[in-house]
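Have a look at the model before reading on.

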Amino acid sequence: MGFKLTVNWQSSPSEEGEFNRDHEVKFGTGQTIQASSAPEYKGNADKVNPEESLLAALSSCHMLTFLAIAHLKRLPVASYVDNATADLGKNEAGKVAVVKMTLAPKVTFAEGIEVDEETLAKIHEKAHANCFIANSLACEVEIKQ
């Protein structure tokens, strides 16, 4: 199984000695997003940046894995909201990298479904262990409840 997308950047006017960082990402599904680098790296704050995209991939993958596990356990979920963060720093090689990502999911189960904190933590642990994106990352991933 493989996945594909196309990143398209075209030269456009910018400040003397600089280049425009805005570009387009077209996914294999046909959906397109406008992207740039983070504002701290001379990018456009109105567009998605690679760091946010990486964080979104982790958060989405963890959620989908969590939902699959909850479904298998017959624990219907009514809502799942994650306010995730990513921290840049220096890795062991001294290179700038995403060094930590924190997921902070708030899960609400269907009416009448009671899930204790221990069970919830175990589902999150299993979701993290089986998330394809988490298994592909070199940085620390924390999951807060």
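## The sheet

Val 7 stands opposite Val 25 in E2. That pair belongs to E1 and strand E2 (residues 23-27), which run antiparallel to each other over 4 bridges; pairing here takes at least two DSSP bridges. Strands are DSSP runs (E, at least two residues), as helices are (H or I, at least four), numbered from the N terminus.

Zooming out, the open sheet has 3 strands in the order E1-E2-E3, with antiparallel pairing. Strand E1 (5-8) and strand E3 (32-35) are the edges, each pairing on one side only. Neighbouring strands in this sheet are turned by 20° against each other on average, direction ignored.

## The helix pair

The axes of helix H1 (residues 50-72) and helix H2 (residues 117-130) come within 8 Å and cross at roughly 125°. Axes are lines fitted to C-alpha atoms, for helices over the stretch in contact, with angles from 0 to 180 degrees between N-to-C directions. That makes H1 oblique to H2, the label for whatever is left after under 35 degrees (roughly parallel), over 145 (roughly antiparallel) and 65 to 115 (roughly perpendicular).

Contacts (heavy atoms within 4.5 Å) include Phe 66 and Ile 69 from H1 and Leu 120 and Ile 123 from H2.

## Cysteines

Cys 61 is buried at 12% relative accessible area, and Cys 131 is buried at 1%; buried means under 20% (1.4 Å probe, protein chains only).

## About the model

This is a predicted model: local features need pLDDT of at least 70 and side-chain atom pairs 80 or more, while totals for chains, interfaces and linings use all residues. Residues are numbered from 1 along each chain as its sequence is written, and side-chain values use heavy atoms, leaving out hydrogens and water.

Notes. Buried < 20%, exposed > 50% of the residue type's maximum accessible area, 1.4 Å probe, protein only.
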